[in-house]
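Work through the exercises below with the sequence and the coordinates at hand. Each task is followed by its solution.

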Amino acid sequence: MWTYNKVLQYPINIKCPNAKLAKFIISQYGGPDGELAASLRYLSQRFAMPDQKSKAVLNDIGTEELAHLEMVGTIVHQLTEGLSIDEIRAAGLGEYYTDHGVDVYPQSAAGMPFNANCLACKGGPIANLQEDLAAEQKARATYEKLIDLCADDPDVLDPLRFLRQREIVHFQRFGEALRGVQDKLAEKRFFMNNMQNCPNNMMNREEEN
Amino acid sequence: MLEENNRMFGGCSNTITNSDCQYTPQGINAAFGYNTANLSQNMDEDDDNMCPEEARRRKQQMLNDIRSLSFAIVELAQYLDTHPNDQKALCLHQEYCEQYRDLTDKYQRIFGPLTIYFPCNRWRWIDEPWPWEGGMC
């Protein structure tokens, strides 16, 4: 189970609201490569992983992504706090404001609501971990685009840089988990079976009849 | 000094002794629907010489107690969110938090970490089965 810690993973103090930046950054909240998708992806995939290391990595990174979700939500909230209607309209946030006001709603930058189609649980540990590696790289690329777009506000830039770095560390951990799973799947397997004592064995059943 | 200030302004401390907390197991627990103020069973302290069955039984018992305390704290916190001035609930929350802290500390020393914030000499986090595998149940 989870408990909540009343502290952000990395401090966020944005002094200048900026609706245009909020419109872009919300993609990392509920967009296809956002933190919500990342967390759901890892926390859903962890159940059927074949070894302890990959279960632990998915569990612990999936948990950290929830802290990142809170960070991105905080950035969007602080960027939209105290804006006038004219500023919201000028930034192209009129449509968003119509449906959500200044709440933080999980959607992509283009306005698509969050959809679990953007994550996969493929039923194969190799496929899942490769998906996770790609997801971290896609999130890193998204953060780099956001860093380009937010270059003039150091208050926004700083937490974005932190989040980008975490994607790189997670990519590293998933790579190690993948190698562990590959090694495990490549091991020789030994099957030990005592047919006589197996109650579901067809031979034994026939004898009973 | 900080802690003194904290106490003066009704702040938080793990070791605070609230003189208002004079509840009886019947009174407060009747009010909150709990059967007993003490949700954890007192167990013998001699942890050496335990047979495997006894160790398993104790682990189960401690986990059940931790779960009970944890749920009581969650429930009280939600109640206190909308009733922040309820002194009885505040006392009960304090009591259960202390029990929870002591019991989780004891459990983790013996049976391994429940969170990544518990330090170990060896990384025991990946040893135990996960909750969805029937571990910690």
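**Exercise 1.** Find the residues with the most contacts inside the largest nonpolar core.

Solution. The largest nonpolar core holds 41 residues, and those with the most contacts inside it are A:Ala22, A:Ile25, A:Val72, A:Ile75, A:Val76 and A:Leu79. A nonpolar core is a set of buried Ala, Val, Leu, Ile, Met, Phe, Trp, Tyr and Cys residues joined through C-beta atoms within 7 Å; buried requires 20 or more other C-beta atoms within 10 Å of the residue's own, with C-beta atoms placed from the backbone. Next, assign the core to elements: H1 (19-25), H3 (35-45), H4 (52-80), H7 and H8 of chain A each give two or more residues. H4(A) gives the most, 10 residues. Helices are DSSP runs of H or I, at least four residues, numbered from the N terminus.

The model is predicted: local features need pLDDT of at least 70, side-chain atom pairs count only at pLDDT 80 or more, and totals for chains, interfaces and linings use all residues. Residues are numbered from 1 along each chain as its sequence is written, while chains are lettered from A and ligands numbered from 1 in the order in which they are written.

**Exercise 2.** Determine how H7(A) and H8(A) pack.

Solution. The axes of H7 (125-149) and H8 (154-186) of chain A, lines fitted to C-alpha atoms over the stretch in contact, are 9 Å apart at an angle of about 165°. Therefore H7(A) is roughly antiparallel to H8(A), the term for angles over 145 degrees.

How values were computed. Axes fitted to C-alpha atoms, helices over the stretch in contact; angles between N-to-C directions. Parallel < 35°, antiparallel > 145°, perpendicular 65-115°, else oblique. Buried ≥ 20, exposed ≤ 12 C-beta atoms within 10 Å, placed from the backbone.
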